[in-house]
Amino acid sequence: MYELFLPQMVSSFEVPSQFDDWRHGKPLESRPRAIQAKYSGTRPLPQIFRSLTPFLHRDVIAFLREKGADNLETTEAVIEVPGKESLEGWYATNVVGRVSLAAFLAQLPPVDSFPERRRDGVRSAMNDVASLVERVTLAGQGLPKPAAVIARLAEHNHPLLLRSDVARELEARKFTGVELDDVRFCSLYVGTGFYQLMSDAAPR
């Protein structure tokens, strides 16, 4: 099963526009040796930030690769900070590969596994897509079981996904700058609702 992998947004971070959106989940045709970026914030940079082109600290990348992630195209970021030395250790990361919601819909946790305060939200999301569940579930039966540690969702605007077992280990490591949540709460984070994702996943 997969969960939404939600890097922190850092508004005071600037990167050239050609490196600002790597959410397609496909291999890059070419990569620079390094990316020049700027950070004007006053707080320490989190280890994980930005979602369209995620920037991951080397310790996070090492953790993901240790868990089996072999689909990360990384480019070193040289981050200029006004009046200070440049920051190093972060990498612009292209996550290659997509996983359809249909491939893991049947494994989403049941309502009663959530804290009481969140159960109504899960019920509402599932009620909204009741007419699509059978079609999407049948579509998933024809797909190979996904095994990627980290991937892009195949549907709509391709948010990042992290495999649930790895998500629990990542939480235990206490890396900074990321939230994890059930895909049914996507409207809180990624600019689209669960119904839209289900509609995209349903066979035409």
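Biologist: How many bridges join S9 to strand S10?

Modeller: Strands here are DSSP runs of E with at least two residues, numbered from the N terminus, and two strands pair if DSSP finds at least two bridges between them. S9 and S10 (residues 160–163) run antiparallel, and Leu160 in S10 is the bridge partner of Arg152. The number of bridges that join S9 to S10 is three.

Biologist: What pLDDT do local features need in this predicted model?

Modeller: Residues are numbered from 1 along each chain as its sequence is written, and side-chain values use heavy atoms, with hydrogens and water left out. This is a predicted model, in which totals for chains, interfaces and linings use all residues and side-chain atom pairs count only at pLDDT 80 or more, whereas local features need pLDDT of at least 70.

Biologist: Which are the edge strands in the open sheet of five strands?

Modeller: That sheet has mixed pairing, and its strands follow the order S8-S9-S10-S1-S11. An edge strand here pairs on one side only, and the two that do so are S8 (98–99) and S11 (178–181).

Biologist: How far apart are the end C-alpha atoms of H3?

Modeller: A helix is a DSSP run of H or I with at least four residues, and its expected span is 1.5 Å times one less than its number of residues. The 12 residues of H3 should therefore span 16 Å, which agrees with the model, where its end C-alpha atoms are apart by 18 Å.

Biologist: On which side of H3, the same or the other, do the buried Leu132, Val136 and Gly140 lie?

Modeller: Leu132, Val136 and Gly140 are buried, that is, under 20% relative accessible area, whereas exposed means over 50% and partly exposed lies in between (1.4 Å probe, protein chains only). On the other side of H3, Ser131, Glu134 and Gln141 are exposed.
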